Amino acid sequence: MLCLLLDIVYAILIVLLAPWILYRMFAQKRYRVGWKERLGFVPVRFTDQPCIWIHAVSMGEINAIGTLIEEIHRVLPQFEIVISSTTDTGFNRARKLYGTSYRVFFFPLDFSQAVKKALKRLRPQLCIMMELEVWPNFMSETARQGIPVMVANGRISTAKGFPRYQRIAPLVRPIFRRLAMALVQDETYAERFRYLGVLPERVQVAGSLKYDTAELGDTVAGADELTGQLGLKNNEPVWAAGSTGSHEEEIILNSFSQLRRKKELRQTRLVIVPRKPERFDEVARLIESHGYQLIRYSRVKAGKYKVSDMDSPAVILGDTMGDLRKFYSLASVVFVGRSLVPMGGSDMIEAAGLAKPVVVGPYTENFIDSMKKLVAAEGISVVADGRQLTEVTEKLLRDTDSARQMGQRGRGVIIENKGATRRTVEAVAKLLCKA
């Protein structure tokens, strides 16, 4: 009866959201593919090989499972690994990273029949859900079939996630109680998972997988090619603003204009990489409205024009997916976005691992534990607003020794906190022994 009621609620929601979905399909070219899989028609497994199903919603989570997949394959080679995602960007990234070796597909909608169909076709021995993917019908059906479900790299954000769950805690506690294990990033998240119903003995602090996936080299693959494509010179400082959010680019461009008024910083180049691809065109227009000539990296990458044909453009728009790490590797200073505006922040671990001096705004509540460690080590700089952003960025661009030392301290924090992958795979092996 409960499954039927949920299906009815979901159907009503889809009808209400239909205009928004259609808008995103036609105007933003999102959600155009994968509907068959979303309805449960995922790839069929015909072998008798046991299976582990790993689900990660977005591109950031897909990136974070790289070391986990490798370690599971090494420790439990008898298991086939299949990977699902929810978003278009997550799915495309998963296919690029893992598609040649593993099955990649869209996660089914939480309709009872779609879930049943997907489980029947995959026959998993364990489902690993990244961060916070606990759906009522999915949890109900896996429990009915005796398939353990665990959360890995678990977190419940302070900004929106946890307050919403608190309001409906009595409704979600029976769902969370079905989790076989919740491996979370820090003790704050552990308390939240216990509050929402996960049995205390099934909650374990394992750390963040992103520490393990962070590259520690001074350069990354493809960075030299990127340098050539963009015509960057050795004496040109680069300020990279990554994972930026709405209204943030305006602040960054204003700061950049102030920096370029300084004679010593006139050669500084700015790279802006918005977090959401549907905002690429909007940000392109904004850059040009500030009077800057624009490089759209997607067009350079596709060979549609050469930077050498342009008159020293100042601002580069990173309007491709999967290249953020390359831009960070070229940067003299990195600003990590969605933090000057109340959006919870973005992953600063990646840039810190590259030993870059990292600057963030005051809104980083989605990364509380990482920020505590980086701030304590003086491996990151927090600014309150656009004025401080300009001041701190100028200081780091001028004082390269201080910038280098900050970057090294940040990298030290990343190195010290590695190990979540090992702890996660140990928990996976224990669960499979019990199953």
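The side chain of Thr213 reaches the backbone oxygen of Lys210 at 3.2 Å, a polar contact in the sense of a pair of N or O atoms within 3.5 Å, where, within protein, one atom must be able to donate a hydrogen and the other to accept it, and where residues adjacent in sequence count only if both atoms are side-chain atoms. The model is a predicted one, in which local features need pLDDT of at least 70 and side-chain atom pairs count only at pLDDT 80 or more, whereas totals for chains, interfaces and linings use all residues. Residues are numbered from 1 along each chain as its sequence is written, and side-chain values use heavy atoms, with hydrogens and water left out.

Thr213 itself lies in helix H11, which covers residues 209-213; helices (H or I, at least four residues) and strands (E, at least two) are DSSP runs, numbered from the N terminus. Thr213 counts as buried because its relative accessibility is 16%, given that buried means under 20% relative accessible area, exposed over 50%, and partly exposed in between, with a 1.4 Å probe and protein chains only. When its neighbours within four places in sequence are left aside, Thr213 is in contact with Asn63, Ala64, Gly66, Thr67 and Arg325, contact being defined as heavy atoms within 4.5 Å.

Turning to the chain as a whole, the protein chain holds 21 helices and 14 strands. Its radius of gyration is 23 Å, close to the 22 Å that the globule rule gives for 435 residues, so the protein chain is as compact as a globular protein of that length; the radius is taken over C-alpha atoms, and the rule is 2.2 Å times the number of residues to the power 0.38. Taken along the principal axes, the C-alpha atoms fill a box of roughly 70 × 45 × 40 Å. Of the 435 residues, 56% count as buried, and among the contacts with a separation of 6 or more, 68% are accounted for by residues 24 or more positions apart.

A pair of helices can be described in another way. Two packed helices are described by the angle between their axes and the distance between the axes. Helix H19 (residues 386-398) and helix H20 (residues 400-416) pack at an angle of about 100 degrees, with their axes 5 Å apart; here axes are lines fitted to C-alpha atoms, for helices over the stretch in contact, and angles run from 0 to 180 degrees between N-to-C directions. H19 and H20 are therefore roughly perpendicular to each other, since 65 to 115 degrees counts as roughly perpendicular, under 35 as roughly parallel, over 145 as roughly antiparallel, and the rest as oblique. Leu396, Leu397 and Arg398 of H19 make the contact with Thr400, Ala403 and Met406 of H20.

Elsewhere, Gln229 is found in helix H12 (residues 223-230), and its side chain makes a polar contact with the side chain of Tyr297 at 2.6 Å. Apart from its neighbours within four places in sequence, Gln229 is in contact with Tyr297, Val300, Lys301 and Val307.

Asn153, in strand S5 (residues 149-154), has a positive phi, near 55 degrees, and is buried, with a relative accessible area of 2%. Arg338, in the loop between strand S12 (333-336) and helix H17 (349-353), has a positive phi near 60 degrees and is buried, with a relative accessible area of 14%.

Two further loop residues complete the tour. Ala180, in the loop between helix H9 (169-176) and strand S6 (181-184), counts as buried at 17% relative accessibility and, not counting residues up to four places away in sequence, touches Pro148, Val149, Arg202 and Leu431. Gln267, in the loop between helix H13 (248-260) and strand S9 (269-274), is partly exposed, with a relative accessible area of 48%. Gln267 and Val238 are 29 residues apart in sequence and 8.8 Å apart in space, C-alpha to C-alpha, and, with neighbours within four places in sequence left aside, Gln267 is in contact with Glu236 and Pro237.
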